[in-house]
Amino acid sequence: MSLKKYPSIDSAQTILLNCELHGIQNVVISPGSRNSPLAFGFASNPKFNCFSIIDERSAGFFALGISQQTKKPTVLLCTSGSALLNYAPSVSEAFFSQIPLIIISADRPKHKIGIGDSQTIFQEQVFGKNILESKALMQDVNHNTDELLKSNSQKILKKNLTESSIIKLQIDIQASNDKIIKNSFSKCLGSLKPVHINVPFEEPLYNFQEKPTVSISSLLKKTPEKENSPLEKEYRLEQFKKIIILIGSSDKSLMSKKLLEKISLNKNIVVLKETLSNIHHPSFFGKIDQIIAPIELQNERHKLFKELQPDLLITIGGMVVSKKIKTFLRNFSPKKHFHVGLNDAKDTFYCGVKHIKAQAENFFINSLPKKPINSDYHDKWASISNNRNKLHVLEMKKIPFCDLKVFSVLNSKIPNNYNVQVSNSSPIRYFQLFDQNITCPMSCNRGTSGIDGSLSTAVGASWVSKHPTLFVTGDLSFFYDSNGLFNNYVRKDFRIIVINNSGGGIFKILPGYSKEKTHETFIETRHNYNSKELAKMYGFKYSHVSSLLGLKFSLFNFFKISSKPKILEIKTSSQLSSQILKQYFQNLKTLNI
Ligand SMILES: Cc1ncc(C[n+]2csc(CCOP(=O)(O)OP(=O)(O)O)c2C)c(N)n1
């Protein structure tokens with residue numbers, strides 16, 4: 001094991017010591033010279049697992065994948081210049097999906113910015129509002145003081161300062177930097193959102209020592225966030241006749257099995273769970289679009305939606321994928337909307353939202369009726385859902401080989417305990433039409449719904465997972481982020497399924513589709529690429545199919561243990577796929593329900 005190398009620069013040591021103190025484990029480093037004091041500091045310290053990833057955009061999403069799984073902050077470290085801007089997509093995704101990241105950017109001293117020095121940009125506050133906070137550390141004045149004194153505008157050190165006053169000044173700078181880092185780390189840990197620290201380093205950058213020379217203050221005392229009292233009268237659920245609990249992106253730790261059972265006994269409560277909620281109970285309704293979309297197509301839709309309209313909406317978890325449920329609840333608003341949880345409350349349904357800052361478990365245990373409530377509200381939803389399920393089975397038997405068929409087959413063939421990572425946007429929407437294997441947690445970057453980092457996220461998540469990972473993606477998302485494979489952290493059990501419909505198939509499904517060439521070129525972005533050469537370049541086993549039989553046969557072998565990771569490319573027609581999907585919703589509507 002190499003000796004711990006502490007850089008001779010005080011602010012670099014202060015960052016490293018604070019990362020140790022806060023139990024940071026994972027650090028994703030992109031190369032450069034300006035950040036080398038920290039790169040060596042992290043890499044030579046056995047307390048940190050360090051990952052080397054050249055492309056900062058991919059590195060950002062790789063780190064996001066790690067934090068998504070570990071629920072702990074991952075550090076991202078990059079050099080000065082445009083490198084930092086490449087973190088922007090992953091930072092905004094982390095911000096809106098509440099995943100903790102600590103971004104550390106090395107910079108040049110302030111007086112060297114904007115004067116023609118190479119690899120410099122204005123690094124402070126680059127992420128604007130799409131981050132919890134951005135802070136700048138102060139320049140150490142005890143490191144290469146002579147160079148700092150040459151600063152043309154004397155921004156950093158006045159020329160006539162004595163040696164002792166410089167030492168005194170450095171003591172204040174050190175204390176201030178330590179405080180800034182501690183506050184930022186504590187906010188990141190508290191709110192599970194990304195923070196950015198910009199740190200200026202003067203040369204020389206490559207002097208190291210075995211032990212740190214700075215000392216840092218102890219951990220900040222956490223003041224636990226005050227939870228709303230779930231005992232208040234207005235929260236008692238027996239006073240509402242029709243309640244919808246809508247669960248967005250989350251994981252199974254959100255609520256205990258006992259609580260799910262208790263909720264299910266109340267017939268005035270309907271639980272709508274999104275696929276990404278990863279919550280399962282037989283009496284809860286997944287496949288929300290399958291219920292809502294056919295109603296939209298019925299003449300009696302107003303009356304039907306009125307019957308389903310809730311008095312109270314309770315949201316828990318994060319982002320909601322289903323556009324259909326958003327439209328329904330915006331048009332048929334509940335009287336009240338509570339968001340329960342320590343994460344952000346959003347007024348997604350335009351009816352005002354009351355944020356109940358409490359763990360879902362605490363809230364429901366106290367607010368559920370003492371005796372289960374009887375009502376026909378749950379039955380109404382159940383009868384629609386049962387009817388849809390029957391028609392869905394018939395449809396799946398009937399339809400030809402297309403995207404919907406692929407998802408129908410694939411969904412039933414994912415082996416137990418796989419982590420499933422999904423790209424935007426039609427893959428996650430297709431998955432929402434099927435019941436998930438409850439042993440397979442599913443994730444997707446829904447904070448900003450970008451197609452720019454799904455593969456990198458999946459690779460990062462896979463690396464720290466106890467289980468194998470399957471990544472299911474459209475072709476554009478896959479090619480866009482193919483740099484996600486340009487690293488040494490792709491596991492042998494990593495599996496990729498590319499559904500290649502030669503462009504952005506989603507745009508044929510959305511309203512506004514026209515057969516014009518302009519749509520094909522600038523919206524759908526049609527192409528004739530396939531993944532074969534990429535698979536070869538990155539050492540994947542590659543196979544491709546374009547028929548139902550071929551798909552079934554390939555899936556039979558695809559998940560078997562192998563010495564290399566695998567890509568299965570499934571070729572489909574976007575034209576046929578969009579027609580079938582539209583017809584599917586038409587066929588699901590029945591006159592009486
Ligand atoms: C960074 C970014 N740019 C553009 C978009 C808009 N967008 C959403 S889905 C999509 C096409 C995705 O195509 P593909 O991955 O092939 O999946 P398909 O729709 O065919 O299933 C695009 C361009 C986006 N979400 N993110």
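Q: How many of the contacts in the protein chain join residues at least 24 apart in sequence?
A: Start by setting aside pairs that are close in sequence. This is a predicted model. Among contacts in the protein chain between residues at least 6 apart, 78% join residues at least 24 apart.

Q: What helices and strands does the protein chain have?
A: Count each kind of element along the chain. The protein chain has 21 helices and 19 strands.

Q: How compact is the protein chain for its 593 residues?
A: Compare the radius of gyration with the globule rule. The radius is 27 Å, close to the 25 Å that the rule gives for 593 residues, so the chain is as compact as a globular protein of that length. Its C-alpha trace spans about 90 × 60 × 45 Å along the principal axes. Buried residues make up 47% of the 593 residues.

Q: Which domains does the assignment give for the protein chain?
A: Read the domain bounds as stretches of residue numbers. The assignment gives domain 1 (6-205), domain 2 (233-383) and domain 3 (399-588).

Q: How many residues of domain 2 and domain 3 are in contact?
A: Count the residues on each side. In this model, 18 residues of domain 2 are in contact with 17 residues of domain 3. The side of domain 2 that touches domain 3 has seven nonpolar, seven polar and four charged residues. Now take the centres over C-alpha atoms: 30 Å separate domain 2 from domain 3.

Q: What does the span of helix α6 show?
A: Helix α6 (residues 163-191) has 29 residues. From first C-alpha to last, α6 reaches 42 Å, close to the 42 Å expected at 1.5 Å a residue. After α6 comes Leu 192, with a positive phi near 55 degrees.

Q: Which residues of α6 are buried, and what covers them?
A: List the buried residues, then look for their cover. In α6 the buried residues are Gln 174, Asn 177, Asp 178, Ile 180, Ile 181, Ser 184, Phe 185 and Cys 188. Their cover includes helix α1 (10-21) and the strands β5 (101-107), β6 (133-136) and β7 (195-200).

Q: Why is helix α15 described as largely enclosed?
A: Count the buried residues in the helix. In α15 (residues 454-463), 10 of the 10 residues are buried, so the helix is largely enclosed by the rest of the structure. Among these buried residues are Leu 455, Val 459, Gly 460 and Trp 463. What covers them includes α3 (56-70), β14 (419-422), β15 (442-444), β16 (469-474) and α16.

Q: Why is Leu 149 called partly exposed?
A: Count the neighbours around the residue. Leu 149 has 15 other C-beta atoms within 10 Å; a buried residue needs 20 or more and an exposed one has 12 or fewer, so Leu 149 is partly exposed. Leu 149 sits in helix α5 (residues 145-149). Leaving aside neighbours within four places in sequence, Leu 149 is in contact with Leu 157 and Lys 159. Asn 160 is 11 residues away along the chain, and its C-alpha atom is 9.4 Å from that of Leu 149.

Q: Which residues come nearest to the ligand?
A: Look at the shell around the ligand. Of the 17 residues there, Ser 426, Gly 474, Gly 504, Gly 505 and Ile 506 come nearest.

Q: Which helices supply the shell, and what classes of residue does it have?
A: Trace the shell back to its elements. Helices α14 (426-431) and α16 (475-480) each supply at least two residues. The largest share, three residues, comes from α16. By class, the shell has four nonpolar, 11 polar and two charged residues.

How values were computed:
Residues numbered from 1 in each chain as written. Predicted model: local features only at pLDDT ≥ 70, side-chain atom pairs only at ≥ 80, totals over all residues. Near = placed C-beta within 6 Å. Helix = DSSP H or I, 4+ residues; strand = E, 2+ residues; numbered from the N terminus. Nonpolar A, V, L, I, M, F, W, Y, C, P; charged D, E, K, R; others polar. Domains from an automatic or database assignment. Contact = placed C-beta atoms within 7 Å. Expected span 1.5 Å × (residues − 1). Rg over C-alpha atoms; globule rule 2.2 N^0.38 Å.
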